[in-house]
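Let's take a walk through this structure together, one stop at a time. Have a look at the model below, and then we'll start with a term that helps along the way.

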Amino acid sequence: KNYFFKFPRKQRLAVKFIIVDMFAPYYDLFKSIFPNAQIITDRFHVVAQANNSLKLTRIQIMKQDKKHYKLLKYYWKLIQKDEEQLDSKTKKYSIHFKKYITDYDIVKYLINTNQTLKGTYEVYQGIIKSIKNKDEKLFINIISSTHKNISEYMKTTLKTYNKFKNF
């Protein structure tokens, strides 16, 4: 605060935008120092939080599901990947599935092994799609909706997003 108050008030009033992560004290601090600035949450931190929620959900389910443990552990990168970037045409041999299969089919199989994983995955995909396409309406719709079968990790993430959506 002391650092920013070294700048003349006229300059501080001219600041239009401030980009921050989702650390709540920053919002109040910057609003008091730069009252005319629009405070924007950094997209990287929004995606990182959703990504972390999906990862923690997968790990939790992996520990409970001994049948699919190895698959959920081995294919974690595919589960975290943007669904639109999954290869749905090229089949590669999988030693885990013992057949030729696409990355898309692997992910579909894995998320369908658990309803909570599936619901959390779908919310995650919606979030990254809304951020990628800069679709604010989709993002607000996702975070404001009631979702069935999502993990507590993703529920916490959505609560956090809702807390910051009015900034």
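A residue is called buried when its relative accessible area is under 20%, exposed when it is over 50%, and partly exposed in between, using a 1.4 Å probe and protein chains only. With that in hand, take Lys89: at 73% relative accessibility, Lys89 counts as exposed. You'll find Lys89 in the loop between α5 (76-80) and β3 (92-94). Between Lys89 and Tyr75 there are 14 residues of sequence separation, and their C-alpha atoms sit 18 Å apart in space.

A quick word on where all this comes from. This is a predicted model, in which local features need pLDDT of at least 70 and side-chain atom pairs count only at pLDDT 80 or more, while totals for chains, interfaces and linings use all residues. Residues are numbered from 1 along each chain as its sequence is written, and side-chain values use heavy atoms, with hydrogens and water left out.

Now step back to the whole chain. It has nine helices and four strands; here helices (H or I, at least four residues) and strands (E, at least two) are DSSP runs, numbered from the N terminus. Read from the N terminus, the elements go α-β-α-β-α-α-α-β-β-α-α-α-α. The radius of gyration is 20 Å, well over the 15 Å that the globule rule gives for 167 residues, so the chain is more spread out than a compact globule. That radius is taken over C-alpha atoms, and the rule is 2.2 Å times the number of residues to the power 0.38. Along its principal axes, the C-alpha trace spans about 70 × 30 × 30 Å.

How much of the chain is buried? Of its 167 residues, 37% count as buried. The accessible surface comes to about 10,700 Å², and 53% of that belongs to carbon and sulfur atoms; such areas come from the Shrake-Rupley method with a 1.4 Å probe, and for residues only the protein chains shown count as cover. As for contacts (heavy atoms within 4.5 Å), take those with a separation of 6 or more: residues 24 or more positions apart account for 53% of them.

Next, the empty space. Rolling a probe the size of a water molecule over the atoms shows where such space is left. A pocket, on a 1 Å grid over the protein atoms alone, is an open set of points where a 1.4 Å probe fits, with protein on both sides within 12 Å along at least five of seven lines, and its lining residues have an atom within 4 Å of a point. The largest pocket holds about 560 Å³. Of the 18 residues that line it, the closest to its centre are Ile40, Thr41, Ile131, Glu136 and Phe139. Which elements supply at least two residues each to the lining? They are β2 (38-41), α3 (43-64), α7 (115-132), α8 (136-144) and α9 (152-164), and β2 gives the most, with four residues.

Leaving aside residues up to four places away in sequence, Tyr153 touches Ser53, Leu56, Thr57 and Gln60. Tyr153 and Ala48 are 105 residues apart in sequence, yet 13 Å apart in space, C-alpha to C-alpha.

Finally, a few loops. Most residues other than glycine have a negative phi. Lys134, though not a glycine, has a positive phi of about 50°; it lies in the loop between α7 and α8 and is exposed, with a relative accessible area of 66%. Asn149, also not a glycine, has a positive phi of about 60°. Asn149 sits in the loop between α8 and α9 and is partly exposed at 42%. Lys66, in the loop between α3 and α4 (69-74), is exposed with a relative accessible area of 63%.

Definitions and conventions
Grid points are joined across faces, edges and corners, and a volume is the space filled by probe spheres set on the points.
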